[in-house]
Amino acid sequence: CVGMMTSCGDSKEEPIKNEEQQTEGAQSEQQGATQPEDMGQVADGVSYQWQEITFSMPQKWADNCVILEVEQGVEVYQKKSYEKAEGMGYLFGIIRSDDWMNYGTGEQMIAYTEDGTMYYLMRPIDMPADVEDEKTLAEYTTMTEQISQIACSVQIDAQGVHYDAQQFMIPFSSIKPIDEENLALLSDNELWIARNEIYARHGRVFKNTYLQSYFDSCSWYLAEEGKTEVLESELSEVERENLEKIVAAEKNFLAQYPYPKEYKTNTM
């Protein structure tokens, strides 16, 4: 790869609906194609460091990728496609951001810090490789299949780092103000969970079996026996403000998509 490579090592709740009211709603392989060479395993690979971010890649990626350092992180490309056309062969990027992207297409938060800094894995939403060369395309496909392993190897050298972002609807809702525009992109069910996960962080036990089962599956959740309510005094100012924003977003969603929907019979 282009870049430095080294050997790797390693209140009270006042909802618009109570917690018990879950909302309703809601290329095949070509014959004779050249098979790519096994690109190796991440555990036996090489590591790359950009500022506080370090991640590991399979050993054989060292001669088959290009790494570009950008303002917010790094971008990794398949070398063969990139050499054919600059920008082609994009595999993934790992970036640092102060903005919540709330898991749009191709975006995955892989870590965050207690001061609100977020780290994302960015993946292409198309196939930006040299599709005219079967061998190159096969190699690109194999490399994309290993990106999730690479994402799991990411280490952030910073204070208060958390790697459980995928277990939250809004990972930073207890430490950083929520952007109301981002909330508008969430469904009613996602908003419902996001609101209650603020209480779950304080050990609340839920009467709703779905919520309780949902949070029981989260490694960060520590239920306090008998605690069915979180007092407002237990919440931080940020948490209280975020709860108000989420409740407002739920009301807006309900106004736009009222349930239940009624239809007259014998009409189209």
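In strand E6 of this predicted model, Phe92 is the bridge partner of Val76, strands (E, at least two residues) and helices (H or I, at least four residues) being DSSP runs numbered from the N terminus. Residues are numbered from 1 along each chain as its sequence is written, and side-chain values use heavy atoms, with hydrogens and water left out. Because the model is predicted, local features need pLDDT of at least 70 and side-chain atom pairs count only at pLDDT 80 or more, whereas totals for chains, interfaces and linings use all residues.

The pLDDT, which is the predictor's confidence in each residue on a scale from 0 to 100, averages 83 over the chain, and 78% of the residues score at least 70. Over residues 2-18 the pLDDT is below 50, and this stretch has 51 contacts in the model beyond near neighbours in sequence, a contact being heavy atoms within 4.5 Å. Residues 23-36 likewise have a pLDDT below 50, with 19 contacts beyond near neighbours in sequence. Where pLDDT is low, the predicted coordinates should not be read in detail.

The pairing of Val76 with Phe92 belongs to the antiparallel pairing of strand E5 (residues 73-78) with E6, which extends over 5 bridges; two strands are taken to pair if DSSP finds at least two bridges between them. These strands are part of an open sheet of 6 strands in the order E4-E5-E6-E8-E7-E10, with antiparallel pairing. Strand E4 (65-69) and strand E10 (161-162) stand at the edges with a single partner strand each, so one side of each is left without a neighbour in the sheet.

Within this sheet, strand E8 (residues 118-122) pairs in the antiparallel sense with strand E6 (residues 90-97) over 5 bridges, and Arg96 stands opposite Tyr119 of E8. Strand E7 (residues 107-113) is also joined to E8 by 5 bridges, the two running antiparallel, and Tyr120 in E8 is the bridge partner of Met109. In the hairpin of E7 and E8, which has 4 residues between the strands, Gly116 takes a positive phi near 95 degrees. Strand E8 is mostly covered, 5 of its 5 residues being buried, where buried means under 20% relative accessible area, exposed over 50% and partly exposed in between (1.4 Å probe, protein chains only). Both faces of E8 are covered, with Met118, Tyr120 and Met122 on one side and Tyr119 and Leu121 on the other.

Glu52 counts as buried at 14% relative accessibility, and, leaving aside neighbours within four places in sequence, Glu52 is in contact with Arg96, Tyr119, Gln155, Ile156 and Asp157. In the loop between strand E2 (46-50) and strand E3 (53-57), Gln51 has a positive phi of about 50 degrees although Gln51 is not a glycine.

The largest nonpolar core has 38 residues, of which Trp100, Ile170, Leu183 and Phe215 touch the most other members; such a core is a set of buried Ala, Val, Leu, Ile, Met, Phe, Trp, Tyr and Cys residues joined through side-chain atoms within 4.5 Å. E6, E7, E8, helix H5 (188-200), helix H6 (209-216) and helix H7 (237-256) each supply at least two residues of this core, and H5 gives the most, with 7 residues. A second, separate core of 27 residues includes Trp61, Ile67, Ile110 and Leu137.

In H6, Leu211, Gln212 and Phe215 are buried. Seen down the axis of H6, its buried residues fall within an arc of 100 degrees, so they line one face of the helix, the arc being that of the directions from the helix axis to the C-beta atoms. What covers these residues includes H5. Asn208 caps the N-terminal end of H6, with a side-chain oxygen 2.9 Å from the backbone nitrogen of Tyr210.

Definitions and conventions:
A polar contact is a pair of N or O atoms within 3.5 Å; within protein, one must be able to donate a hydrogen and the other to accept it, and residues adjacent in sequence count only if both atoms are side-chain atoms.
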